[in-house]
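Dear colleague,

I am handing over the structure below, and I would be grateful if you could read the notes that follow with the model open beside them.

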Amino acid sequence: MASSSSSSSRVSQKYHVFLSFRGEDTRDNFTSHLHAALCSKKINTFIDDELHRGDEISEALLNAIKESMIAVIIFSKGYATSRWCLEELAKIIECKKARDLMVVPVFYHVDSSDVRNQTGTFGEAFANHEEKQTSEKVMRWRNALKEAANLSGFDSSNIRREAVLIGEIVKNILEELNKMSPSENKDLIGIESKIEKLESLLCLELKDVCRSVGIWGMGGIGKTALACALFTKISSQFESVHFQNVGEKSEKCLGEELLSAILEDRWAVLESTFTKSRFHNKKVLIVFDDVTCSEQIEKLIRDLECLGPGSRVIITGRDKQVLKTCGVNHGDIYKVEGLPSNESLILFSRHAFKLDHPPIDYLELSIRVIKFAQGVPLALKVLGSSLFEKEKSLWESTLINLEKNPNPKIQEVLEISYNGLDDQEKNIFLDIICFLIGAERNIATEFLDGDDFDSDMGVSNLIDKSLITLDDIDSIEVHDLLQKMGKKIVKQESKDPSKRSRLWHHDDIYKVLRSNTGSETIESISLDISKIKELNLKCNVFLKMQNLRFLDFYCRSKVTRRGIWNGYNCRWYFHCFCFELREDQDRDNCVYCSMDEKDVNKVHALHGLEFSSCNIRLFSWFGYPLDTLPSNFEVENLSRLIMPCSKIKQLWNGLQHLEKLKYINLIHCKYLIRIPDLSSAPNLESLILEGCTSLIEVHSSIQYLNKLVILNLKGCKSLNSLPANIQSKFLEYLILSGCSNLKKAPKITCNVEQLYFDGTSITELPFIEYPSKLDRLDLKDCSRLESLQQLGKLKKLHNLSLSGYRGQDLMVDSVWSLLSNLSLYILDLSDCQIMTLPSILGEFKSLYSLNLSRNTFESIPSSFKKLKLKYLDISYCERLKCLPLGAETVEAYNCMSLEFCDLDLFSSVKKANYGNCLKLYQNMLKANWGEIAGRILFHGPLLCPGNEIPEWFSFQSVGSSITLEVLPVPHDIVFTSLKVCLVVTPQDHDEAPPCLFICSKVIGIDENGQRQEIEELTKALAKWGYFLKVECNSPMSDHVMVWTAVPSIQVKKISRYLTFEFSGIYHNVVKCGLRTCIASLGKQYKGDFSSNMEEEPQAKRLKF
């Protein structure tokens, strides 16, 4: 149709369409039908129903033309006879030229050439006009007719049926109006990608089928806004459309509104076959918004077959199961996620500041709000509006109050979903909120199951209702706003914490326990004991808590206490898997291995304890203060017994009813002497006794625990014997590491996957049933082990550690041939006193990790080049002179004799540590190592001796920081690549540093000198800079460290300067260098220096 560029001013136009026509020709037929069709599509159409004579157009009519978006000119046979029509046409063409009014000509029973050239009836009319009108006016009319006729339009001779012609005109006008109208989605941040996904689910290109799509998500997440935006965008493609907010409306009311909108007949009967046939003849778009139960729309549309071909139905709701019941297939349900932090900041800023970004002095406060809202648009809008034009002090108090009393408007929306739950589901939800966030689903349901119900269905319903979610490992997650809502509901049970069902806040729990005011109302207590002061319990403190189900006195790991992780998942790891880590790997994120005795030994019970509840399912008490469990402690419903770092000596005397017990964790209970008879615990899956250094006896009943999966006795150095046979067919992990007095291992079932004998005194390998599933075998420091001959039977063995092995087997070729028949992935031969490496080791084709450190060989066979290693460790091989192979990670520190590396293999290296390789450094200098390193795609870090930054680092500075000046640009800066080079020197040259640990920080500085840390860029820099540990047995000289960060983040244009700061724990940073590419609006720019900087701070100028 007629082309015209759209204008943002069109949104304010009064009319969508202006109709120009010759009344005597078409007023009562074609024009009236066209006007009715336009109005039925809710297109605001101006039509002049008055009869006019003369030439002058009224001011009102002229304004109507100016205030219209499209002018439709219906050229009929008598159109040119009317001077009024011709003058109206001339004004329309003037408006087209002046402000892009779109003009659509309709040639109604006339030829377009007659209009263009003024021939036929148009020529006759103009012959009459030339006699009576001035030549200027006639020429003006002729030009207007010619220009209008040259536009693309509609010809009635091409479409004979007027109804079809009118339908095509209306369809085209709808399409053009949608193109012209500025999208209201500009205020809906991040909406476009979501609309695209929904359009793909709708399959609009399929014209002959009907489809339904669901939009699902928690309250306030933006389901309605998304449905509205989609509805607006695609509605022009349908004959009839209807957006219905279902809410609490009755079925009758919904039916009347639907029939009125689609059939334009409020008297139609929904059940009538005639009504259904009318539906079947229409291509419709229907949106049912906020559907809470399927019955609300079930009778309105029983199935899609009653709708016309090409129809689409969109249903929004908080309950996924309701959408399925309404006929939406699982794969056609779109889950609306929260906004990412950058989009959240924009949305919040628009409401709080009427800007896209907050002022610099409000940035930190705004980020705190963003973290609180966690991407929920409703929360961002409400909080932004409430803080608009408020002083900083009010922002601070508002944020503090939000933690205690969530915003009522937000809570009201969120509580709708909770109020729709039955009593059982409400209890499950509150248990999860107060106690089970981060727990795996199967663990949660194990605790939640009652005597008369299965909680798994309840958990599924909560997921469907968007109240909880599951992460990639099936752990339960709950949005922060929903957590606050649930905890507020519990707090509303009573102002007195002792009369609430669930206690989680350390202050409330401390108050209840200290004052001994517990009651039968309390069902669960979850206390982080690291947050409380010393507490002395009275013996009857739990006696009144007759309905207690969960007692959890826990202590978070060092990592979570530092705020690095949220810590939820760590709490629900009932095992310690640190036995899988290397000695140099960090254990700070382990709940059990990073405990501080000062934290866990805060709760005392000098006079013992008494319990009355028989419903306890979880008893978790870090640092339990007594040497045994109370005599009246009921264990018949106990599922998990977790008591790390406790003073317990024995659990109980005699047999107990332990049918439901699955886990016992007594890690680091150094006073524990013996384990009781567990024959009455047939479902026990895990027995963790790691670090029980006084344990002298493990009851023989453990050999009959047929469901045992993990038996961990690591570090039980007083234990000298075990039952001869452990029969569990489910046993996967047997950890005997550090049992230094254990001389004989039990018979191993064929199902065991991991065996740890490192640090034991065994002289021979245990009997392992065939065919074995054994995947990992650790024989490190088994100094008395005499033979490896049995290893040949372990066909599924992939991970083998022989570190510190002193047997003579390694000097015999037959052992290497035996090992070559295995499909080993990881092989540790460190500290095995190997003087000559066998060539056959290069034939281990499956090997990707090889540790040869601390051996005395002088060369590596050429056959090793066949290996495709990801990890190679040759550290402390002090006689090795040449390294002929590479790997993705190379550890070669303290190879004091190493002189040469195959530099052609450097292209595969991503991380390399050549610390203290001084001879290698001298040779690398000759080969221009800086140029070599520049060609390598290091992820980092690369470490080697040296004291200079390579030339290819564009920005260089002496000292531990470097500042870049950002020239003013009208857009944000996007860092897509960043290489860092540091020269470091030990702080104490007389004492070898234990490791190299570098911290990084990036500060943005505005024109006024205000500083703000850019956290995303800081984290990106630190990703590789903080973890490299260099073991040394001699002082280190200066070293060069290179690594690459790929943050791909935006730096706001408000930062005039960027300062990169580096510091070391055991080292000083004496020089630093940066190399970066900067991308903006899809274009890449490379920075360079300007040497003429006069302003403070002394900065390297970043040009664009």
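**A parallel sheet and a buried arginine**

Strand S8 (residues 284-289) runs parallel to S9 and is joined to S9 by four bridges, where helices (H or I, at least four residues) and strands (E, at least two) are DSSP runs numbered from the N terminus, and two strands pair if DSSP finds at least two bridges between them. Please bear in mind that this is a predicted model, in which local features need pLDDT of at least 70 and side-chain atom pairs count only at pLDDT 80 or more, whereas totals for chains, interfaces and linings use all residues. Residues are numbered from 1 along each chain as its sequence is written, and side-chain values use heavy atoms, with hydrogens and water left out.

The bridge partner of Ile286 in S9 is Val313. The open sheet to which these strands belong has five strands in the order S7-S8-S9-S6-S10, with parallel pairing. Strand S7 (240-245) and strand S10 (333-335) stand at the edges with a single partner strand each, so one side of each is left without a neighbour in the sheet. Helix H10 (residues 223-234) packs on the sheet and touches S6, S7, S8, S9 and S10, contact meaning heavy atoms within 4.5 Å; the direction of H10 makes about 170 degrees with that of S7 (axes are lines fitted to C-alpha atoms, for helices over the stretch in contact, and angles run from 0 to 180 degrees between N-to-C directions).

Arg312, which is found in strand S9 (residues 312-317), is buried yet has no salt bridge, the nearest side chain of opposite charge being Glu205, 6.5 Å away. Here buried means under 20% relative accessible area, exposed over 50%, and partly exposed in between (1.4 Å probe, protein chains only); a salt bridge is a side-chain nitrogen of Lys or Arg within 4 Å of a carboxyl oxygen of Asp or Glu; and for charge, Lys and Arg count as positive and Asp and Glu as negative, His and the chain ends not being counted. A polar atom of the Arg312 side chain does lie 2.8 Å from the backbone oxygen of Leu206, and one lies 3.3 Å from the backbone oxygen of Gly310.

Elsewhere, the side chains of Glu446 and Arg640 meet in a salt bridge (2.8 Å, N to O). Glu446 lies in helix H21 (residues 441-448) and Arg640 in strand S19 (residues 640-642), so the pair ties together parts that are 194 residues apart in sequence. Both Glu446 and Arg640 are buried.

Definitions and conventions:
Polar contact = N/O pair within 3.5 Å; in protein donor to acceptor, adjacent residues only side chain to side chain.
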